[in-house]
Amino acid sequence: MDFDIRVVGGGLAGSEAALSLARLGLSVELWEMRPLHQTDIHETDRFGELVCSNSLGSDALRDARGLLKAELRLLGSAIVGCADASRLPAGKAFAVDKNQFSGLVTQSIQSNPLISVRREEYRRLDSSVPTILATGPLTSPDFLDELRKRLGRENLFFYDAVAPSIWAHSVDRDSSFLSSRGGDAADYLNCPLTREEYYTFVHALQSARRHLPETPHEQKYFEGCLPVEEIARRGDDALRFGPMRPIGLRERPEDCFAVIQLRKENREGTVLGLVGFQTSLAIAEQQRVLGMIPALRNAEFVRYGLIHRNAFLRGPSVLSQDLQLRAFPRIWTAGQLCGVDGYMESTALGLVAALNAAATLRGFPRPVFSVQTMMGLLVDYVTQERADFQPANANYGLLPLEPGPKQKAVDREAFAVAALKHIRHIADEVEAWSTNKTVL
Ligand SMILES: Cc1cc2nc3c(=O)[nH]c(=O)nc-3n(C[C@H](O)[C@H](O)[C@H](O)COP(=O)(O)OP(=O)(O)OC[C@H]3O[C@@H](n4cnc5c(N)ncnc54)[C@H](O)[C@@H]3O)c2cc1C
């Protein structure tokens, strides 16, 4: 073996893991099956491709994802470094130019002398080689079968949906207006609907033809990313209190009853994504139903919304606290495969897996991420037994409940201060042991 560790999957978690391991002096063999085998969603052969939205969530410290980014920055995350370098203005959201971002990640990997890239599909689990599995929500079917065979029925999956993107030039500017819910107004183009237009639109959405997974058992959506037609089925007003809420917009037309927001997906602003508008409608129905929105009546689609398989392991049943597979020591898991959801969450578990693997291979005590940090809360979530396990985003609801009937509201500022202190301590620890190059 002419490398120290293998990483499988060059998405967010795998790229973060490979770059972190290399920074710590370990040599890495990084497997990525694209472009030889594409997933249903990825479009390029790049590392760190963002498969849908270009938003990485909030950057504010009091928000869970903002704190998560701050923790990652302290630990020297390469992925957050590339995101910082490709950031776009987007109000309170941290959005990036997707091409520039994945270009930077790819360049960092390909120019790193400690990382050798192997463009191949990984099909069989080889437990004789220290490995980090980061094959993500779109893990290839063959390897998913292998995981099911090796780990049993704890391997679950559910279905998820993606929002469409359209060409900016095809939006009717006379029927839309610029305004943001905080931040720079120019970052969001809003497509308003009157009361009558809204209900006509919702009724069309409720009865439109959809692409559904084959069995009812598989028609299980992640609550944080529901298709809009699924939200519409929950009540005529559900959308105008959800992704189509018109509140917080300073200069909106008087008869604006609901609104669809469009956000830039590239620096030039030529491509716009429909914010929170993931859909599983058939393609012709997307053209018909979205065309009922006045500003989108001539919309040209860059990419249609779609429904997709979303694979994950039932972490608490199969993982130990350091993200190793209990049945296969020295095989770690990272990213969405272990049961988190989200770009930053996947990145975070890529970094944690890398630190755990590096500590084990070098014989150092592994860093312990306490539940007083956002990274620790995610690790705790995917490794501690719980009744109904579904992939989770970073959020303060992950905090363990205190004893007693009354729960106190979390003091987010105090939590963030303590979390960053704890992470700084881990960063110092890693800095100290990373200078020792012995690999066991
Ligand atoms: C369609 C879709 C839309 C999403 N939208 C968002 C969003 O807008 N915002 C958000 O925060 N999160 C989103 N997510 C959630 C998710 O956290 C991201 O998908 C994130 O990219 C997951 O990171 P990852 O590294 O775990 O997996 P990925 O980034 O998917 O990386 C996994 C990599 O492994 C490779 N691979 C798979 N199988 C094999 C194999 N057998 N051998 C070799 N290579 C393999 C794949 O080609 C891929 O490059 C979305 C997920 C999906 C599926």
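This is a predicted model: local features need pLDDT of at least 70, side-chain atom pairs count only at pLDDT 80 or more; totals for chains, interfaces and linings use all residues.

**Entry: Arg330**

Arg330 has 16 C-beta neighbours inside 10 Å, so it counts as partly exposed. I find Arg330 in strand β17, residues 328-333.

Leu323 is another non-glycine residue with a positive phi, near 70°. I place Leu323 in the loop between α9 (315-318) and β16 (324-325). Is Leu323 buried or exposed? I get 25 C-beta neighbours inside 10 Å, so Leu323 counts as buried.

I also checked the peptide bonds and noted a cis one between Arg34 and Pro35, with omega about 0°. Pro35 belongs to the loop that runs between β2 (28-31) and β3 (55-58).

**Entry: whole chain**

I list 12 helices and 17 strands. The radius of gyration is 22 Å, close to the 22 Å from the globule rule for 440 residues, so the chain is as compact as a globular protein of that length. Along the principal axes I read a C-alpha span of about 70 × 45 × 45 Å. Buried residues account for 45% of the 440. For contacts between residues at least 6 apart in sequence, I note that 73% join residues at least 24 apart.

**Entry: domains**

How is the chain divided into domains? The assignment gives me domain 1 as 5-157 + 312-433, and domain 2 as 164-304. Their C-alpha centres are 30 Å apart. The contact uses 15 residues from domain 1 and 15 residues from domain 2. On the domain 1 side I log 5 nonpolar, 6 polar and 4 charged residues.

**Entry: helix α12**

Helix α12 covers residues 412-433. I checked its length: at 1.5 Å a residue, 22 residues should span 32 Å, and the end C-alpha atoms are 31 Å apart, which agrees.

Which residues of α12 are buried? I get Phe415, Ala416, Ala419, Ile423 and Ile426. Looking down the axis of α12, I see these buried residues within an arc of 90°, so they line one face of the helix. A reminder to myself: an α-helix has 3.6 residues a turn, so residues three or four places apart point the same way. The exposed residues on the other side of α12 include Glu413, Lys421, Asp428 and Glu431. As for packing, the buried residues of α12 sit against α2 (64-74) and α11 (374-383).

**Entry: Pro367**

I followed up with Pro367, in the loop between α10 (343-362) and α11. Pro367 is buried, with 20 other C-beta atoms within 10 Å. Leaving out residues up to four places away in sequence, I find Pro367 touching Leu355, Ala359, Ile426, Glu429 and Val430. Ile426 is also one of the buried residues of α12. Pro367 and Asn356 are 11 residues apart along the chain, and I get 6.9 Å between their C-alpha atoms.

**Entry: Gly273**

Last stop is Gly273, in strand β13 (residues 271-274). I count 25 C-beta neighbours inside 10 Å, so Gly273 is buried. Beyond four places in sequence, its contacts include Ser53, Asn54, Ala163 and Leu262. I also took the C-alpha separation from Gly273 to Glu230, 43 residues apart along the chain, and it is 19 Å.

Conventions:
Residues are numbered from 1 along each chain as its sequence is written. Helices (H or I, at least four residues) and strands (E, at least two) are DSSP runs, numbered from the N terminus. The radius of gyration is taken over C-alpha atoms; the globule rule is 2.2 Å times the number of residues to the power 0.38. A residue is buried if 20 or more other C-beta atoms lie within 10 Å of its own, exposed if 12 or fewer, and partly exposed in between; C-beta atoms are placed from the backbone. Two residues are in contact if their C-beta atoms, placed from the backbone, lie within 7 Å. Domain bounds come from an automatic or database domain assignment. Ala, Val, Leu, Ile, Met, Phe, Trp, Tyr, Cys and Pro count as nonpolar, Asp, Glu, Lys and Arg as charged, and the others, Gly among them, as polar. The expected span of a helix is 1.5 Å times one less than its number of residues. The arc is that of the directions from the helix axis to the C-beta atoms.
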